[in-house]
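Keep the structure open as you read.

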Amino acid sequence: MGIMLLVTGFSFFAPEGMGRLAGVATGIYLFMVVYSPGEGPVPFTYSAEAFPLYIREYGMAFATATTWGFNFILSLTWPALEASFTTPGAFGFYAFWNFFGWVFAYFCLPETKERTLEELDTVFSVRTRDHAAYYMGMLPWYLRKYVLRRDVEPRKPLHALE
């Protein structure tokens, strides 16, 4: 998503005309293509899985309020940000926060995919520091497996699930 915001922002450096319009429209369209099935519904599905039953309604209310609150902040700050940073700079600012969010999510948010509600207690009992250290150690493993295409040993799982 950050790359698409950068594409949109850099498109404003093109001369006035159809090329600029095409770049901006393509960047925004591709941002929406990535956002809608990816990061758009994540706060709702993640919080639906993460909170225990006895506080799930409060957790979902907080997640929904947080999502809409940040939507409000985004729409409220855009005019001032655009005036201060120019349009490409404003898109670059939001692109930076997308990249920061991706790094934060990778290191600090536990994976809940294919876990039962009972297993989530074990998943969320791991300290964030330990989670981040484990996934920092995974970076060389990813490099060897997916970039260098080497045969690597499977990593020991972070969670001890039965």
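Val-152 is buried, at 17% relative accessible area; buried means under 20%, with a 1.4 Å probe and protein chains only. Val-152 sits in the segment after helix 6. Helices here are DSSP runs of H or I, at least four residues, numbered from the N terminus. Trp-141, Arg-144 and Lys-145 touch Val-152, leaving aside residues up to four places away in sequence. Contact is heavy atoms within 4.5 Å. Tyr-142 is 10 residues from Val-152 in sequence, and their C-alpha atoms are 9.4 Å apart.

The model is predicted: local features need pLDDT of at least 70, side-chain atom pairs need 80 or more, and totals for chains, interfaces and linings use all residues. Numbering runs from 1 along each chain as its sequence is written, and side-chain values use heavy atoms, without hydrogens or water.

Now the largest pocket. Its volume is about 2,300 Å³, the space filled by probe spheres set on grid points joined across faces, edges and corners. A pocket is an open set of points on a 1 Å grid over the protein atoms alone, where a 1.4 Å probe fits, with protein on both sides within 12 Å along at least five of seven lines; lining residues have an atom within 4 Å of a point. The lining counts 50 residues. Helix 4 gives the largest share, 23 residues.

Helix 4 spans residues 56-108 and includes Arg-56. Arg-56 is buried without a salt bridge; Asp-121, the nearest side chain of opposite charge, is 8.4 Å away. A salt bridge needs a side-chain nitrogen of Lys or Arg within 4 Å of a carboxyl oxygen of Asp or Glu. A polar atom of the Arg-56 side chain lies 2.6 Å from the backbone oxygen of Phe-51.

Technical notes
Helix = DSSP H or I, 4+ residues; strand = E, 2+ residues; numbered from the N terminus. Buried < 20%, exposed > 50% of the residue type's maximum accessible area, 1.4 Å probe, protein only. Lys, Arg positive; Asp, Glu negative; His and termini not counted. Polar contact = N/O pair within 3.5 Å; in protein donor to acceptor, adjacent residues only side chain to side chain.
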